[in-house]
Amino acid sequence: MATAQAQVYTYKGKDKKGKPIQGELKASNAVVAKAQLRKQGITAKSVKKKGKPLFGGSKPIKPQDIAIFTRQLATMMKAGVPLVQSFDIVGEGAESPALREMIYGIRDDVSSGISLAGSLRKHPKYFDDLFCSLVEAGEQAGALETMLDRIATYKEKTESLKAKIKKALTYPIAVVCVAVIVTGILLVKVVPVFAETFSNFGADLPAFTLFVLNLSYLAQKWWLITLAGLIAFIFGVRELKRRSPAFDAAIDKYVLKIPVVGNILYQAIVARFARTLSTTFAAGVPLVDALSSVAGAAGNAVYRQAIFKVRDDVTTGIQLHQALRMTNKFPVMLLQMTSIGEESGALDDMLEKSAVFYEEAVDNAVDNLTTLLEPMIMAILGVLVGGLLIAMYLPIFKLGAVI
């Protein structure tokens, strides 16, 4: 029977010298907490479970936290620290209370005789089937520390790749949002002031100025509805993508066709495919089962379907590189490296080399994209804001010329 997960308790009492003392400690229940205090020579007057804050609460556990946790656990085990004690050390150093609580829960499960993989499967939000399968393979082979090291490397590379993709997309999206907000403020707040001034001119306004004034009128009248519609559209697309596999596949298909960004996403998918397959195959997972895990980690519906097709072809006896070639979804270099790996019996090494190559390609592409976008975005901002200002001052310039 598994022991209860550790909770945080607050206490008040007196120490050995009779001085008032208060603080916090972790225990599975209040009785254990009081026993721990007695061992420390503290006479407890009250021991209460620490309540959760009304607002905010603990920070959510991020994928990066799981990658760090895996690396720390692998390092502890490689140093010869027993598994249960490794959880104590890693849990004590965890900054997130939610992560610390989860680590202590896994520790209690393992202490009670549950396998590490079995305990991790209780947290599917943070440990997917691939992670748990690799841990299970390591436990069965008696090489858990080696497997944890491979999983840690896999998670670190995967999260690094995700960070690079976010870096490529976040900056232009943020700048475009700022541009839209600034333009909206100018149209709703600044342009109407000029419109009142122009109404007293008694002369025809330039076409460009009239266009901006009409745009300002529409923005003042419909901005709230437009904003609500935009928010509803974004949430609608997200829900439809989550609920409809066909719509999800269509979105993923067209995303890959976006100039420049689509190529970065394509290389990231290939890198993730090679990295995941290399890790699972090196762990001794049969190729067919490994491909099933890889398909789940593809991150793109088009390639998920392609990998499932590869798995079905491999099941019928077709070699992996031939099955990959028949999908027409994978680059020639990956096909050649896979072929060499199959012929030499070093498929995991060849796939890892391919993963490193495409991860570096993504890194370079992101740097190039950022360098290219910076002047373009500045130019767009200049055109938007400068165009509005020119439209507003153009009648004044013309009036001055007439005078």
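**View 1. The lining of the largest pocket, sorted by residue class.** By class, 16 nonpolar, two polar and seven charged residues line the largest pocket of this predicted model. Here Ala, Val, Leu, Ile, Met, Phe, Trp, Tyr, Cys and Pro count as nonpolar, Asp, Glu, Lys and Arg as charged, and the others, Gly among them, as polar. A pocket is found on a 1 Å grid over the protein atoms alone, as an open set of points where a 1.4 Å probe fits, with protein on both sides within 12 Å along at least five of seven lines; lining residues have an atom within 4 Å of a point. The volume comes to about 850 Å³, meaning the space filled by probe spheres set on the points, which are joined across faces, edges and corners. Look for Ile-165, Leu-169, Asp-252, Val-255 and Leu-265, which lie nearest the centre. Helix H7 (144-198) gives the largest share of the lining, seven residues. Helices are DSSP runs (H or I, at least four residues), numbered from the N terminus.

**View 2. Thr-280, tucked into helix H10.** Thr-280 sits in H10 (residues 261-282). Is this residue buried or exposed? Thr-280 is buried, with a relative accessible area of 1%; buried means under 20%, exposed over 50% and partly exposed in between (1.4 Å probe, protein chains only). Its side chain reaches the backbone oxygen of Leu-277 at 3.1 Å. Beyond neighbours within four places in sequence, Thr-280 is in contact (heavy atoms within 4.5 Å) with residues including Leu-130, Leu-134 and Val-285.

View 3. Leu-130 belongs to helix H6 (residues 129-141) and is buried at 5% relative accessibility. Setting aside neighbours within four places in sequence, its contacts include Tyr-154, Thr-276 and Thr-280.

**View 4. Asn-328, out in a loop.** Asn-328 lies between helix H13 (320-327) and helix H14 (332-344). Its phi is positive, about 60°, although Asn-328 is not a glycine. At 68% relative accessibility, this residue is exposed.

View 5. Cys-132 is buried at 1% relative accessibility, while Cys-177 is partly exposed at 41%. How many disulfides does a search of the whole structure find? The count is zero, taking a disulfide as a pair of cysteine sulfur atoms within 2.5 Å.

**Notes.** Residues are numbered from 1 along each chain as its sequence is written, and side-chain values use heavy atoms, leaving out hydrogens and water. In this predicted model, local features need pLDDT of at least 70 and side-chain atom pairs count only at pLDDT 80 or more, while totals for chains, interfaces and linings use all residues.

Key:
Helix = DSSP H or I, 4+ residues; strand = E, 2+ residues; numbered from the N terminus. Polar contact = N/O pair within 3.5 Å; in protein donor to acceptor, adjacent residues only side chain to side chain.
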